[in-house]
Amino acid sequence: MPEKSSSNVDIFGLLSVDKDEAKKKQRKELLAASGVKEFFEEGKISIDKRTCWGLECKLCIKACPTNALYWKTGEVGIVEDLCVYCGACVLCCMVDDCIEVERKREDGNAEHFSKPKEVVKLQDKINAKKRFQRVNDVFPTCEAYCERYKHE
Ligand code: SF4
Ligand code: SF4
């Protein structure tokens, strides 16, 4: 009788990894076709149908840069593969906590927002970081300055 292999290969695990990769690739292609260059790889978006003003509003649909939101019979629909988790829809939504977005940065940091003021605060923080970086580039530390000009 042939001996049973002692190594357990998780076939279902491998298949689901392949499926995830294929989905990521497809999403990248879709977004590239729509002209989007920078986007969040991981995230989640949901709309609370109980508080959404739907037909009377549709502001989020107009604001979405990738057409991830659309009007489907009686409610706002989401094409998750097209969502880049930018927050433009939350920023223009007149109902707090109606649209909820979660996203993960490349460094692993997670961000979560569901109110316009949270998006503004987050954007302020991001801009401040960029400004700080720019100032640092123009005015380097003493060590960096010496290093930069030591051969002149
Ligand atoms: S987070 Fe950005 S890309 Fe996603 S649905 Fe909202 S506006 Fe569209
Ligand atoms: S902006 Fe907000 S309230 Fe208006 S349709 Fe979109 S989710 Fe609903």
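This is a predicted model: local features need pLDDT of at least 70, side-chain atom pairs count only at pLDDT 80 or more; totals for chains, interfaces and linings use all residues.
Residues are numbered from 1 along each chain as its sequence is written, chains are lettered from A and ligands numbered from 1 in the order in which they are written, and side-chain values use heavy atoms, with hydrogens and water left out.

Reader: How many salt bridges are there?
Author: Side chains of opposite charge can pair when their charged atoms come close. A salt bridge here is a side-chain nitrogen of Lys or Arg within 4 Å of a carboxyl oxygen of Asp or Glu. One network of them links Lys49, Lys72 and Glu75. By this rule the count is 10.

Reader: Which residue forms a salt bridge with Asp97?
Author: Asp97 lies in the loop between helix H3 (88-92) and strand E4 (99-104), and its partner in the loop between strand E5 (110-113) and helix H4 (116-138), so the pair ties together parts 18 residues apart in sequence. Helices (H or I, at least four residues) and strands (E, at least two) are DSSP runs, numbered from the N terminus. The closest N and O atoms are 2.9 Å apart, and the partner is Lys115.

Reader: Is Lys115 buried or exposed?
Author: Buried means under 20% relative accessible area, exposed over 50%, and partly exposed in between (1.4 Å probe, protein chains only). Asp97, at 38%, is partly exposed. Glu118, which also meets Lys115 in a salt bridge (4.0 Å, N to O), is partly exposed at 28%. Lys115 has a relative accessible area of 19%, which means that it is buried.

Reader: How many charged residues are in the shell around ligand 1?
Author: Residues with a heavy atom within 4 Å of the ligand are counted, among them Ile45, Cys64, Pro65, Tyr85 and Gly87. Ala, Val, Leu, Ile, Met, Phe, Trp, Tyr, Cys and Pro count as nonpolar, Asp, Glu, Lys and Arg as charged, and the others, Gly among them, as polar. The shell has 10 nonpolar residues, two polar and no charged.
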